[in-house]
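Let's take a walk through this structure together, starting where two chains meet. Have the model open beside you as you read.

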Amino acid sequence: MSNGSVRVRIEAAPKEAPAKTDDVKIQVRDLCYFYGKHRALDGITMDIKTKRVTALIGPSGCGKSTYLKVFNRMSDLVPGGRVDGKVLIDGRDIHDRETDVVELRRKVGMVFQRSTPFPKSIFDNVAYGLRILGVRDMSTLKQVVEKCLRRAALWDEVKDNLSKSALQLSGGQQQRLCIARAIAVGPDVILMDEPCSALDPTATARIEELILELKSEYTIIIVTHNMQQAARVSDETGFLFMGKLIEFGPTEKIFTAPNNPMTESYITGRFG
Amino acid sequence: MIELHFDEELLGLRRRLIEMGTRAEESVRLAMMTLTARRESLGQEVFKMEHKINNDEIEIEAEALRLIAQHQPVAKDLRFLTSTIKIINELERIGDLSVNIVEVAIDLMKQPLLKPLIDLPRMANIASQMVKDSLDAFVSNDSKKAKAVCERDDEVDNLNDQLFRELITYMIEDPGNIKRAVDLILVARHLERIADHSTNISENVFYIVEGKTIKHHHFAHEV
Amino acid sequence: MNETAVQERIVSSFRATRGRRRTANIVFFIAVTFCAFTVLLPLFSILSHLLTQGLRSINVDFLIRLPKPVGEPGGGMANAIVGSLILLCIAVLVGVPIGLGAGIYMSEYASSRFASMVRFVTDVMNGIPSIVYGMFAYAVFVLPMRSFSALSGGAALGIMMVPIVTRTTEEFVGAVPQSLREAGLALGAPKWRVTLDIVLTSAMSGIVTGIMVALARVAGETAPLLFTAFGNHFWHSSLTEPIAALPLQIFAYAISPFDDWHRQAWAGALVLISIIFVVNLFANRYAIRQSHASHVKR
């Protein structure tokens, strides 16, 4: 032991893998969605677990994108759209009168099919959400922007060029930028609507890797028409057809021994 | 449901597996006949068949792997292809065991019978039937039949124990009996193994059809 | 007929018509080339006339001096040049906000019925003779103000710009992909911020081009200025006074009996065309540069 003053080095706590619980983040109960007379979603009941990836698969027009949009109330934007049933996030009904839609959209972020970088610099893109929330302090913005770009596995590629226009990035980079932008405001849930459908296989693989990393911090719901992708990244999978939830369960079970014959015929490609 | 080109290929693989299974079944039957009828020519048939069975295993496995790589199958297709690979393993072992029986039989032919063969043919019948039934279960996707095969395994095991105890007494009686007794014990052992492999095949068939596994379970507490 | 026979029929008919096809191609090519040159011909003759006549009379004096009294040679159109520029600035201040606002409203907020009604109205407005705009500005600005003024002239030109700016704004704002708006809304931005920060910025290059096109159009208008700006032989002292403008001055000089003034009229026309040409050039370059920036590496 040294004499005199003892300098104690406080070690950072060893990194433990976050305990996976089976907590439910979102409860959907008997959800129906109409626009005009058309019933796009019919009685969907589902539990979405915290910090897991839930995939939604189904043929075109089955309502999976519509369903996704309900979670951040982007479904409100459809003229004549009406929601029946309940969607509870952290126990609170999101269609309640008291719900602040802006706060909901901060908490539930979204990444779209085609990457949608704003016509601004890379920095301004990521900082946009924060600025909307009123964050003006440059050093805070810089910190958050760097953290999010790192999280989105984009930092190394753009760190020297943050003031470059976001429109000049490649498709895969733009999509990762959109992911960084979405996580900048600190959401709990990230919705992804076919995020890789416009990307080449390498870019797709990177985004899938990213999803697997992100799930340690965020609850992710991904809509995909690519079944292998759903099988690769998700923990639980839901199969939708004509607005109804046909089957929902652990991905491993759905893809090795699904209960419903319709599910089986869809995933084996024999859906006629 | 739409028909895929893949379905044709799966059907082709199925047919080949059934062919291989039929050869295995036949080789067990012939092996027992070699023993009971004491005809070496039958034994030669078994050797020839075993070559074919080994070939089958190699070709079917390659085809199954190709289909897995090219089609990324899921659900039942996946279960079918992975189980096929396991089943052909079992069938190949059955073929080997038949050859082992023939080798012992040929040896035994050089000496007179130690005792009238009663239990061994009985075991062989059951084992043969188990091989046949497990293949039938595969052909008709019959999970009940498959389970029934698994349940018969105990019968064969019991017969094996019985025969063992009987042959021990022969050996104690007269050391000159030892060689023949041991040979018979070996044959019984081979038959018992054939029954085990049939059980394994049936478990795989059950998995293909039901998506649940009944392996390594005592049937009192099955899934 | 079996398949090979059919195939042979097709191939032989193809070969037979080869000559005819070649001739038709050539004839068509000659016809459209001829049309293209016919279009260019009047344009070139005007420009060449303008250049020869105008260049002869342009000198430094012309650009910086005031007009001389009637009959005296010399002098220039400095006040008219400056006046035209001022009028265009006022026009932009009047026309652009209205046109932008209307265009944004039609694209983002209006129902499709209302929007198509407004579209129809703006199309009609485009066809209204420019003198009618002048009369309107006369009634609305000149009479109450009791004097001709730069403001009324600029307003008249500005109102003329509105239909074009509205239409281009509506079109370019409408062309912004819906997914961009959704992305903004999904971050929690209110609609007005999405419209300003994201949608407008995206459409900006098209909108600016539209504004420049409108500007180029009204820069040379004479009729609306006849009884609004009215013209001035001297420098204006305030915007509520009559102001000189190039088209007006050119008109006045061209119908005069003086040779010197005729020459100055040509020079004025050349200056006017040059201003319009420069504006168009900028509009073009800007549009191309923006489209390069936004269409890289998809």
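Begin with chains A and C: their contact draws 18 residues from chain C and 22 residues from chain A. "In contact" here means that the C-beta atoms of two residues, placed from the backbone, lie within 7 Å. On the chain C side, helix H8 (178–186), H9 and helix H12 (259–294) each supply at least two residues. H8(C) gives the most, with six residues. Helices here are DSSP runs (H or I, at least four residues; strands are E, at least two), numbered from the N terminus. Sort the chain C side by class and you get nine nonpolar, five polar and four charged residues. For that sorting, Ala, Val, Leu, Ile, Met, Phe, Trp, Tyr, Cys and Pro count as nonpolar, Asp, Glu, Lys and Arg as charged, and the others, Gly among them, as polar.

A quick word on what you're looking at. This is a predicted model, where local features need pLDDT of at least 70 and side-chain atom pairs count only at pLDDT 80 or more, while totals for chains, interfaces and linings use all residues. Residues are numbered from 1 along each chain as its sequence is written, and chains are lettered from A and ligands numbered from 1 in the order in which they are written.

How do the other chain pairs look? Two pairs of chains are in contact, and of these, chains A and C share the most contacts. Chain B and chain C do not touch, with their nearest C-alpha atoms 29 Å apart. Where chain A meets chain B, the contact takes 13 residues from chain A and eleven residues from chain B. H10(A) gives the most to the chain A side, with three residues. By class, that side of chain A has five nonpolar, six polar and two charged residues.

Finally, in chain A, the axes of helix H4 (residues 138–151) and helix H6 (residues 171–184) come within 8 Å and cross at roughly 130°. The contact involves residues including Val144(A) and Cys148(A) of H4(A) and Ile183(A) of H6(A). By class, this contact has seven nonpolar, no polar and one charged residue.

Note on methods. Axes are lines fitted to C-alpha atoms, for helices over the stretch in contact, and angles run from 0 to 180 degrees between N-to-C directions.
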